Structure formats: structure tokens, C-alpha cells
Amino acid sequence: MTHTPRIRTVVSCTLLVVTLVAGATACGEPDGHPLSVRPFDAAGQVSFNGPSGKEKADPEKPLEVTVKGDGGRITDVTAVDADGRHLAGELAADGKRWHSTVSLAAGARYTVKVSTEDEDGAPGSRTLTFDTTSAKKLLKVSFGPQKGTYGVGQPITAELSVPVKGKAARATVERALKVRSTPAASGSWYWVDDKNLHYRPQEYWPANATIDVRSNLEGIKVTSALYGAASKPLKLTTGDRIEAVTDASSHSMTVKRNGEVINTIPVTTGKPGFSTRNGVKVVLGKEYYVRMRGTSIGIAEGSSESYDLPVYYATRVTWSGEYVHAAPWSTGSQGNANVSHGCTGMSMDNAEWFYETVRQGDIVKVVGSIGDMMTPFDNGFGDWNLSWEKWQEGSALHEGAPDSPVRNTVQAARLRPHV
């Protein structure tokens, strides 16, 4: 007997409703072999653990098929829901009983096909359908970012409607969240906290790729009181691989497209006390004009470090206010010294070129700064600063992963521009 061990888990409620779909009755002339006979209607040969009628099945109650009396046996059972997912089950060695080995899906319709044979080896069949009760507490998933074209550094995000704790429950959720890239790029989810996951490949996404994201959680039992709901899928594309690498020690930015250098720009980065963060950042957005004030990052108004400036061609890379932007007031230092309050400054023409060249999700990396390392999750997308080994440890499916793999939490954005 064969089963496909794949199933959505489920909810509680009443009894199993069964709607018989009559199998064909035996007919035709035998030619001496039992399999040459059309299967007889096995309704009188097998029974199910639920009444017929309009009542719905309790998805927590196993589905069971048994043989009536001593004659005959079950040879095969398949149970499939309306989405084509199979219910795992087990057939007794003597063929007298089959039962499901996992919970049924909540709010689902199943079709069950039973194959039998009688004591003489003649084949029988029976088909039934039934519905299960719906879940009362649902887990919904919202994927991000919005549909569109992004840079190859853009992580996929999944926000859960309710917290999910514990490795087993998280593993159930994670198995149901599917990401497929064309060209292929294998990756992994990372639990940022109880309600937020990020997905990234081992390396950056392929250039000019299509990425499909979907959830198979609908009807799946996550915990004793929580079941998956339907979620809207997401489709993204990537553009060319754009990488901007700023060396703060040499005051220079190198920009590559698909591995080839397309521009080298003199820049200034953060001065001591305001040093630019090292590490990989991802473009979060672009703003043609931003008013930047020192008070937004704790600099007292009127002090020697105070500023209040109109800034153009501002490309944001952290939520706390780090940008790549035009800084015409520091052109004399660009390429020679670091004089900013943390941002990467360049001439108006170069900033306009950079602004027009990059898109959300492109890579902006800083090396050679005396500043701290970009954090992974609380100030933008620093996901790529974790090694692949560390990233996999954030998955509930990783062997040896803790119940709560992450201590950091996603914090509210603090929009604090600084020059």
C-alpha cells in the first residue's frame, strides 16, 4: 500500500461527515483473473469512523477505515484535500484497518479512495468525501517587501499576526513558507523574533531573477489552539547586481555593476565620534530632499557640532539616518578626509548619479572605518553581516537550533537623518 506522507494539520469540533460517492458495481465477464473484473462497490465491505450526513469532522479525530467481518482486506487508501495535499496514514499488516497518523486540516474538504479485495481476490473500491470544521484562532502571514524590482541584497520578510514560540511550532511555520528563485538560489529563514522572519540566500540573489514567495499554512495546526490561515503570495524580481563599496580609510567609493567597475567616487565619511558603520547595508529608499538637523541625533543646537542643512539626492541605508547624499559644503575634504557626522558625502553631480543608479535592495558596504559594525536587524537590513553558519542557526529547522534563536528584536524605525 502506498501513501504520500504529506498533510496539513488541523482544528477541533464535531464529527466526521461522509458523503458517499458510489463505486462501480461488479460487472463484465471474468476471464479467469480477478483483476480483469471491474471493482465492486465496497460500501458493504468497509466502514468509517464517522456518520454520513451534513455534520463536519473534528480535525483532531483520526480518520479510520476498517473491514467489516472476516472476509477481505484493504489494499490501499489515499486521502487528499482540495489543495491536493495528502493525508498521511498507516495500514495494518493484515489489511483490516487503516488510520491517519497526523491531524486533518481545518476547514478542508477531503476525498478518500479505498481499494479492497475480497476473500477470492476480486477488487473493490469505495470513495467518500467529507468536510472538517474551521479553525477559530488563525495565524496569518504578511510577506515583504511590496511587489516590484529590487537589488540583489533585498531580504524577504514574513510578519506573523500572532507570536509563535517554541522550536516545534516554529518549525511547522517555517516548513510552510516557500521561497523559489529563478535562477535557483537556496536560502534559509531566520527568526528575528516571535513574529518576524527574514529570508536570504547564502550569497546575494542572482541578478535579473524572479522570486516567488508563498505560504502553505492554511489549515495547518501550529499549536493546540492556533491554525494557519490563507496568505497573499509575493512575487519579486531583481535587477542588475549593483555593489557600492566605500573605503573610509582611502575616502573612496567604488561602484560595480555585475562585477564590473562603473564609477569611482571621492567621498567623505564619519569623523571621529561620528564614525560611519562598517559592514554591508542595503538601500532602504531614496529621497530627493531631506532636511538634516544635528538635534535629531542628540547634538545640542548652537554647539560646535550643530547643523541644519538642506540635503539633496539622499539614499537611505539605515533607519537611524545614515545616507549616501550630496554634500557640496565638504567637496574640499572628499577624497581626502572624513568630516561628516556618519553619512557618506559626495559632490552634487556624483550624488545625483548614485541616486539615479541604485534602487532599493542594492548593496552599500563600508570598510576601513573606525566605527562599529552594522547590526543585523534593528537598524535596517544588516542581514548579510551574519555568516551563513550563523544565519542557519536562526532557523528552527537547523539541527541544534535553540527554541528562541535570536535575542535581537525588530525595533521601531528611528528616522534620524545626519550628515
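A: Let's start with a term: two strands pair if DSSP finds at least two bridges between them. Helices (H or I, at least four residues) and strands (E, at least two) are DSSP runs, numbered from the N terminus. This is a predicted model, where local features need pLDDT of at least 70, side-chain atom pairs count only at pLDDT 80 or more, and totals for chains, interfaces and linings use all residues. Residues are numbered from 1 along each chain as its sequence is written, and side-chain values use heavy atoms, with hydrogens and water left out.

Now to helix α1, which spans residues 167–176. Its buried residues (under 20% relative accessible area, with exposed over 50% and partly exposed in between, 1.4 Å probe, protein chains only) are Ala-169, Arg-170, Ala-171, Val-173, Glu-174 and Ala-176. Among the elements covering them, by contact (heavy atoms within 4.5 Å), are β13 (156–160), β14 (177–182), β15 (187–191) and β17 (210–215).

β14 pairs with β17 in the antiparallel sense over six bridges, and Lys-178 has Arg-214 in β17 as its bridge partner.

β15 belongs to an open, antiparallel sheet of four strands, ordered β11-β13-β16-β15. β11 (141–144) and β15 are the edge strands, each pairing on one side only. β15 meets β16 (residues 196–201) in the antiparallel sense over five bridges, and there Tyr-190 stands opposite His-198 of β16.
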